[in-house]
Amino acid sequence: FHTHGRSLLSGSGDASAMHHALMTPLQRLTLLVGQRAPVGIHRQMRVRSTHSVHPETGLPFLLNASNETTNETMISPCEIGFYHGLPDFTNSSNSSSYNDTFGGNGTDACAHSWNGTFANSSNATCTLRACLPCQPCPPGEYRVGCEMYSEGVCTSCAIGSIKNFTGEWNATCILCPLGSTSLSSAALANFTNTSGLLNYSTCYFAWTCQQYRTAGHERTGIYHLSLRTVASYSALHPVPFQEDALTPQSAFPSAPAYCDMEADGGGWMLMLCYRRIYRFTQEEDYNGRELPLDPKSCYSHLYLSSFSPPVKRLMTEVRLYCDTSHHDRVIHFKTAHQGVIGMAKRGITSFNNPSWWNNDSSVLLQGHTAFLPHATDETFETSPYEDAGLSDGFFMFPFYSMPLYHWAIKANGRWECDNKNIYRSSTNHQVWVRH
């Protein structure tokens with residue numbers, strides 16, 4: 001195609017620029033073929049010599065940093081489950097560089113997945129390594145990152161999941177059934193008679209929040225506690241596998257519970273929680289039929305005698321918390337006193353007296369700013385409410401200091417947390433247990 005007697009493809013300078021502006025898109029594309037591409041752009045359309053396509057792979061060569069054609073071709077992807085090995089320069093006959101046969105200056109390093117050959121020869125080149133298979137991982141681990149240049153790594157299953165077989169390279173972990181969990185390596189050290197056991201290869205029944213915490217769980221939230229009956233709840237009991245010996249059985253009874261995995265080392269189960277918002281909370285009768293599952297929005301309790309035998313037998317600590325809109329003080333302490341533990345198990349305040357609360361067995365915890373429990377000088381063990389059958393566990397003034405400081409959950413219409421005669425306030429009372 002010509003204009004004014006000159007070829008648009010042979011112009012130079014300003015004339016060439018003008019001619020280029022008059023070209024059609026097809027003509028511009030024709031002009032670009034064979035021109036040098038910017039650094040980092042593969043010149044797959046360029047035909048510069050008979051060696052611009054690798055004779056074995058049939059793929060275009062790459063460019064080096066000097067924008068010169070190299071002896072490396074574009075790498076063909078491996079199939080899923082395979083990867084290109086990294087260069088191996090341990091052999092003295094191999095080199096980490098190649099000779100630029102297209103007029104470049106000196107040598108350049110081989111790229112990923114290439115071996116250097118003929119170390120001290122003018123015809124040194126890079127040879128593409130074969131696609132290698134990603135290997136399977138042992139029980140308790142799965143492979144992450146099998147891709148173009150890497151076989152990835154074997155990574156432990158997440159806490160609460162297992163893989164008890166080797167399998168293929170892409171074998172994954174499966175979740176433990178509700179009411180059970182796997183154990184981390186650190187957790188195995190907390191138990192006896194674990195010789196030969198592998199971490200993340202077996203699910204074990206968990207009856208308490210503390211067992212989940214000991215197993216390695218650190219997230220506060222809802223967990224399912226096993227209700228399965230066994231001879232000993234303090235020992236490890238593995239979940240049986242199905243006939244394939246790969247999948248755990250799952251038809252076991254369990255119940256949800258809210259577990260605090262952070263406060264005072266974690267492992268606490270919420271057994272009582274009443275969140276009262278003045279003028280908004282519908283103040284019904286006490287709900288003693290279910291465990292509360294949210295410490296910020298709750299109105300229920302379940303004494304341990306009504307929950308499950310292992311919870312009732314294993315619990316050794318009780319933690320009490322309350323706050324109120326009436327003032328800024330907070331009650332937050334734990335106790336291992338057998339009287340208070342019995343109250344949590346049965347909901348009965350028989351023989352309750354100030355010595356259960358006002359001595360060193362009541363350990364103050366983070367955030368505590370109140371006068372109670374150490375200021376306790378009275379309990380409602382003998383009172384008109386007791387005679388009327390209204391003194392129920394942690395509700396009816398279980399501990400207080402006359403005349404100013406009380407703990408009360410809707411006791412005669414009073415909601416109190418380190419104060420007295422309070423009817424018009426928002427409160428949050430919580431009781432937690434741990435073994």
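Visitor: Hi! Over residues 87-124, where does pLDDT stay, and how many contacts beyond four places in sequence does the model have there?

Guide: This is a predicted model, and pLDDT stays under 50 over residues 87-124. For that stretch the model has 104 contacts beyond four places in sequence.

Visitor: How should I treat coordinates where pLDDT is low?

Guide: Where pLDDT is low, predicted coordinates should not be read in detail.

Visitor: OK. What about residues 382-390?

Guide: Over residues 382-390 pLDDT also stays under 50, and the model has 10 contacts beyond four places in sequence for them.

Visitor: And what does the protein average?

Guide: The average pLDDT is 76, with 66% of the residues scoring at least 70.

Visitor: Changing topic: how many disulfides does the count come to?

Guide: Eight disulfides are counted. One of them joins Cys137 and Cys154, with the sulfur atoms 2.1 Å apart.

Visitor: Is that Cys137 and Cys154 disulfide left-handed or right-handed, and why?

Guide: The torsion about its S-S bond is about -90°, so the disulfide is left-handed.

Visitor: Which parts does that pair tie together?

Guide: Cys137 sits in the loop between β10 (131-133) and β11 (141-144), while Cys154 belongs to strand β12 (residues 153-156), so the pair links parts that are 17 residues apart in sequence.

Visitor: Nice. Now pockets: what volume does the second largest pocket have?

Guide: Its volume is about 210 Å³. The lining of the second largest pocket has 15 residues, and those nearest the centre are Cys176, Leu178, Ser180, Tyr212 and His217.

Visitor: Which elements give two or more residues to that lining?

Guide: Those are β15 (180-181) and β17 (221-226). Strand β17 gives the most, with three residues.

Visitor: Over how many bridges do β24 and β25 pair?

Guide: They pair over two bridges, in the antiparallel sense, and β25 covers residues 405-411. Tyr400 has His406 in β25 as its bridge partner.

Visitor: What lies in the loop between β24 and β25?

Guide: Pro403 is found there. The peptide bond joining Met402 and Pro403 is cis, with omega about 0°.

Terms used. Residues are numbered from 1 along each chain as its sequence is written. This is a predicted model: local features need pLDDT of at least 70, side-chain atom pairs count only at pLDDT 80 or more; totals for chains, interfaces and linings use all residues. Side-chain values use heavy atoms; hydrogens and water are left out. Two strands pair if DSSP finds at least two bridges between them. Helices (H or I, at least four residues) and strands (E, at least two) are DSSP runs, numbered from the N terminus. On a 1 Å grid over the protein atoms alone, a cavity is a set of points where a 1.4 Å probe fits but cannot get out, and a pocket is an open set with protein on both sides within 12 Å along at least five of seven lines; lining residues have an atom within 4 Å of a point. Grid points are joined across faces, edges and corners, and a volume is the space filled by probe spheres set on the points. pLDDT is the predictor's confidence in each residue, from 0 to 100. Contact means heavy atoms within 4.5 Å. A disulfide is a pair of cysteine sulfur atoms within 2.5 Å.
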